[in-house]
Each structure stands twice: as structure tokens, then as C-alpha cells.
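Dear colleague,

Please read them with the model open beside you.

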Amino acid sequence: MRTTVGIIGAGPAGLLLARLLHNAGIDSVVLECRDRAYVERRQRAGILEQGTVDVLRAAGAGERMDREGLRHDGIELRFDRRRHRVDFPALTGGRSVMVYAQTEVCKDLIALQPKEGGPLLFEAEALAVEDAESERPRVRFRHGGREDVLECEYVVGCDGFWGVARKAVPASLSRVFERTYPFGWLGILADVPPSHDELVYARHDRGFALLSMRSTSVSRLYLQVPDGTDAEEWDDDEIWAELERRFETADDWRLRRGPITQKSVTPMRSFVHEPMRHGRLFLAGDAAHIVPPTGAKGLNLAVGDVVTFARALTHHKETGSAELLDAYSETCLRRVWQAERFSYDMTTLLHRAPDASPFEDRLQLARLERIATSRAAETDLAEAYTGFPLH
């Protein structure tokens with residue numbers, strides 16, 4: 001099997017890349033190790049930056065998002081039983097974000113692929129990327145019980161942190177930067193309308209809490225818990241009681257309770273692999289970087305990577321110049337490190353470390369007070385949250 005671009009992974013990054021390449025007249029093949037049902041139900045991020053929303057619309061994949069997604073023009077910060085709203089459009093020249101689950105983005109892109117795009121092979125396990133330094137890199141994969149080879153001009157690894165693509169970069173060339181955090185998020189889905197019409201980020205002496213949503217009838221909420229926590233250690237009443245404590249305000253706001261349909265614990269880490277390119281192998285999304293979810297950057301960073309690659313390859317096709325392809329890693333990493341910085345800042349701003357001192361507690365409150373009283377500080381948060389430029 002031959003193609004111009006071999007894409008490993010049918011998450012939102014791989015699927016969007018296939019769509020962007022198709023629209024540019026460039027053929028591709030997508031290999032996904034899971035079946036279609038799994039890809040269309042796995043729960044991941046739900047906040048789309050303004051740039052991501054614009055890209056999906058331009059790619060012809062935004063119709064259902066615009067119909068069913070929830071536009072949000074701000075977030076609320078809570079600390080010391082106080083509430084402060086950050087108004088995104090007022091601070092960023094009109095930018096906002098969209099609440100629309102990654103699961104739904106994948107469904108929309110998958111629906112387009114058989115009708116208009118190239119081959120999308122489910123249950124096709126990539127085994128290795130070979131000859132990445134040559135002009136004809138190859139992806140060995142297993143599909144339908146037998147091994148096969150996909151010959152390409154370029155390979156893009158959108159196969160996540162545990163995928164095979166990054167392993168094709170020689171260890172002697174790899175540089176890894178990472179940080180693990182001593183806490184995670186206990187997340188729940190609940191069949192109850194959200195208790196607020198925008199996301200609420202709460203800093204509390206007992207730990208962080210986040211009020212989010214999947215729709216107007218389904219709430220998504222999170223609690224900071226110690227690293228290694230088992231979600232089943234918490235019964236439903238304990239979860240709701242702890243959420244109420246951490247979201248408490250001085251006014252009459254109340255948290256709505258409802259049946260919990262799902263709960264799990266997400267570990268927290270920061271990770272960057274440099275470079276993001278080796279020969280004709282390009283890394284995108286979680287294959288190259290991980291951010292703690294506090295800044296809502298993971299999916300959006302992956303979109304930035306594939307947009308950068310698609311533009312670079314289109315430029316090469318139209319002009320014959322490989323300048324943008326050669327600059328891929330450097331271009332992406334500038335945006336990646338800004339997102340890492342913002343995600344780290346949000347995490348340390350709102351989470352209480354297990355060994356935090358009274359001094360550190362007061363510093364957190366002072367940082368939050370600064371955002372609440374300084375337009376400059378508030379603008380910096382709003383600009384980063386709604387998204388760094390995709391170029």
C-alpha cells in the first residue's frame with residue numbers, strides 16, 4: 001500500500017490532518033489500532049479554543065459543533081468564597097471558546113472520511129516506523145490478522161504518548177522534559193444540568209475543584225485528589241459533599257446534585273519531547289507533548305501541530321520549497337512551550353500541594369487577587385485560555 005502521508009492514529013489530530021490534506025489535494029492513509037466504536041466513545045477534552053473552532057469550520061467539519069456546542073465567553077475563578085468572572089471577548093478582541101467533546105469531534109471527522117477522504121483503517125495496529133531518514137519511510141502494521149507495509153513520503157505520528165512513532169526517533173537525538181504532579185483529578189459525569197453556565201475553577205484549602213459540562217443536561221466535575229487515588233474509594237455522597245465544600249461562596253449559589261454515571265481518576269503530568277521531527281517522521285499531539293488538563297490545552301495543541309504540518313506540506317506542493325517542513329519542530333515547539341507554561345501556571349495557581357506552607361497558600365491567594373484586580377493580568381489569562389495563534 002502506498003500513499004503520500006501515512007497517519008498513525010485516528011484521534012482528533014490524525015482525523016483532522018487527513019481532512020486538511022484531502023482539502024489540499026494531498027492523499028493520505030490513516031491507521032488506527034482500535035475499532036470505530038471505541039474511537040467514537042472514548043472520553044477526552046471538551047474545550048475548543050477559538051482557533052480550533054475556526055479550523056474545524058474551515059475544514060467543513062463544524063456544522064454539528066455550531067449546532068450543538070456551547071459557546072462560552074468566560075470562566076469563573078473562585079477563591080476565599082469569592083467569585084470573579086473573566087470576560088474573554090472583552091479582553092481578547094472578541095475571542096471565546098466552545099464546549100464540545102473530543103468524542104463528538106471524532107464522530108464528525110470520521111463521518112466525513114469515507115465519503116470524501118482517503119482510506120481510514122480501524123483495527124490496524126502500527127508496529128514500527130522504518131527508514132524515517134529516507135525519502136520513502138514505511139509503517140509496518142497489522143490489519144485483518146496479517147502484517148502489511150504502508151509506503152509513504154511522510155509519516156505523521158498522532159498515536160499518543162504510548163504509540164510507536166516517537167520510538168523511531170533515535171535516543172541520541174531525543175531530549176525529554178517532564179514533570180509529574182503529586183495529585184490527580186477525580187472526574188465524574190452526572191445526569192444533572194450544570195450548576196453554572198460557564199466553567200468554574202475553584203481554589204480551596206482542601207484542594208482544587210472544577211465545574212464543567214458536556215451539555216445542558218450533563219455535568220462534568222473534578223476534584224483534586226492524591227496521586228494514586230482509586231475512584232472507587234469515593235462513594236457518590238462523599239463526592240458531592242466535597243464538591244459543595246470546595247465550590248462554596250458567600251452568596252446564595254448552590255451546587256445541583258444528580259446521578260453519577262461515570263467516575264475515574266486522571267493523573268497529572270507535563271511532558272515535551274524534542275525534536276518533533278526526525279527525517280520524514282513528524283510527531284503531533286500527545287506523541288510529542290502532554291499538559292496537565294487545567295489549562296484545557298491538550299486537544300488544541302494537537303490541532304496546532306497538524307495545522308502546521310498541513311500548511312507546510314501544502315506550501316511544499318505549491319512552491320517546491322521545504323522551508324516550512326524543515327521548520328516544523330521549531331514552529332510547533334514555540335506554541336507548545338507557551339501552552340506548557342500556561343498549563344503549569346494554572347495548575348500551581350489553583351491546586352494545593354500536599355506539603356504546601358502557609359506562605360505558599362498566601363501566594364496563591366495573592367496571584368488570584370492580582371488577576372481579579374488587574375486588567376493586564378486578567379488579559380494574559382484570557383489570551384492564553386482562548387488560544388495561542390496557530391501560525
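In this predicted model, eight strands make up an open sheet of mixed pairing, and their order across the sheet is β6-β5-β14-β15-β16-β13-β17-β20. The edges are taken by β6 (82–87) and β20 (289–290), and since each of these has a single partner strand, one side of each is left without a neighbour in the sheet. Further in, strand β14 (residues 199–202) pairs with strand β15 (residues 209–213) in the antiparallel sense, over three bridges, and within this part of the sheet tyrosine 201 stands opposite leucine 210 in β15.

Tyrosine 201 comes up again in the nonpolar packing. The largest nonpolar core has 127 residues, and Tyr201, Leu243, Phe247, Phe309 and Tyr385 are the ones with the most contacts inside it. Helix α8 (residues 298–319) gives the largest share of this core, with 10 residues. As a general background, nonpolar side chains tend to be buried together in soluble globular proteins.

The aromatic residues deserve a separate look. There are 16 aromatic pairs in the structure, one of them being phenylalanine 177 with tryptophan 337, an edge-to-face pair with 5.7 Å centre to centre and 80 degrees between the planes. Because phenylalanine 177 belongs to strand β13 (residues 175–190) and tryptophan 337 to helix α10 (residues 328–350), this pair ties together parts that are 160 residues apart in sequence. Phenylalanine 177 counts as partly exposed, at 36% relative accessibility, and tryptophan 337 is likewise partly exposed, with a relative accessible area of 35%. Elsewhere, ring pairs join Phe88, Trp185, Tyr201, Phe208, Tyr222, Phe342 and Tyr385 into a cluster.

Two rings also have a charged side chain over them: arginine 34 lies over the face of tyrosine 38, at 4.2 Å from the ring centre, while the charged end of lysine 297 sits over the ring of tyrosine 385, 5.6 Å from its centre.

What surrounds tyrosine 385? Setting aside residues up to four places away in sequence, tyrosine 385 touches Ile47, Glu49, Ile75, Phe88, Val97, Leu199, Tyr201, Gly295, Ala296, Lys297 and Phe342. Tyr385 is also one of the buried residues of α12, among which are Glu378, Leu381 and Thr386 as well. Helix α12 (residues 375–386) has 12 residues and reaches 16 Å from its first C-alpha to its last, close to the 16 Å expected at 1.5 Å a residue. Just after α12 comes glycine 387, which takes a positive phi of about 125 degrees.

Valine 97, one of the residues that tyrosine 385 touches, has its place in strand β7 (residues 97–99) and counts as buried, at 5% relative accessibility. The C-alpha atoms of valine 97 and histidine 72 are separated by 5.4 Å, although these residues are 25 residues apart along the chain. Leaving aside neighbours within four places in sequence, the contacts of valine 97 include Ile47, Leu48, Glu49, Leu70, His72 and Thr386.

Lastly, asparagine 300 lies in helix α8 and is buried, with a relative accessible area of 1%. Apart from neighbours within four places in sequence, asparagine 300 is in contact with Ile47, Leu48, Glu49, Thr52 and Arg335.

With best regards

Definitions and conventions. Residues are numbered from 1 along each chain as its sequence is written. This is a predicted model: local features need pLDDT of at least 70, side-chain atom pairs count only at pLDDT 80 or more; totals for chains, interfaces and linings use all residues. Side-chain values use heavy atoms; hydrogens and water are left out. Rings of Phe, Tyr and Trp (its six-membered ring) pair if their centres lie within 6.5 Å; planes under 30 degrees apart count as stacked, over 60 as edge-to-face and the rest as tilted. Helices (H or I, at least four residues) and strands (E, at least two) are DSSP runs, numbered from the N terminus. Buried means under 20% relative accessible area, exposed over 50%, partly exposed in between (1.4 Å probe, protein chains only). A charge sits over a ring if NZ of Lys or CZ of Arg is within 6 Å of the ring centre and within 35 degrees of the ring normal. A nonpolar core is a set of buried Ala, Val, Leu, Ile, Met, Phe, Trp, Tyr and Cys residues joined through side-chain atoms within 4.5 Å. Contact means heavy atoms within 4.5 Å. The expected span of a helix is 1.5 Å times one less than its number of residues. Two strands pair if DSSP finds at least two bridges between them.
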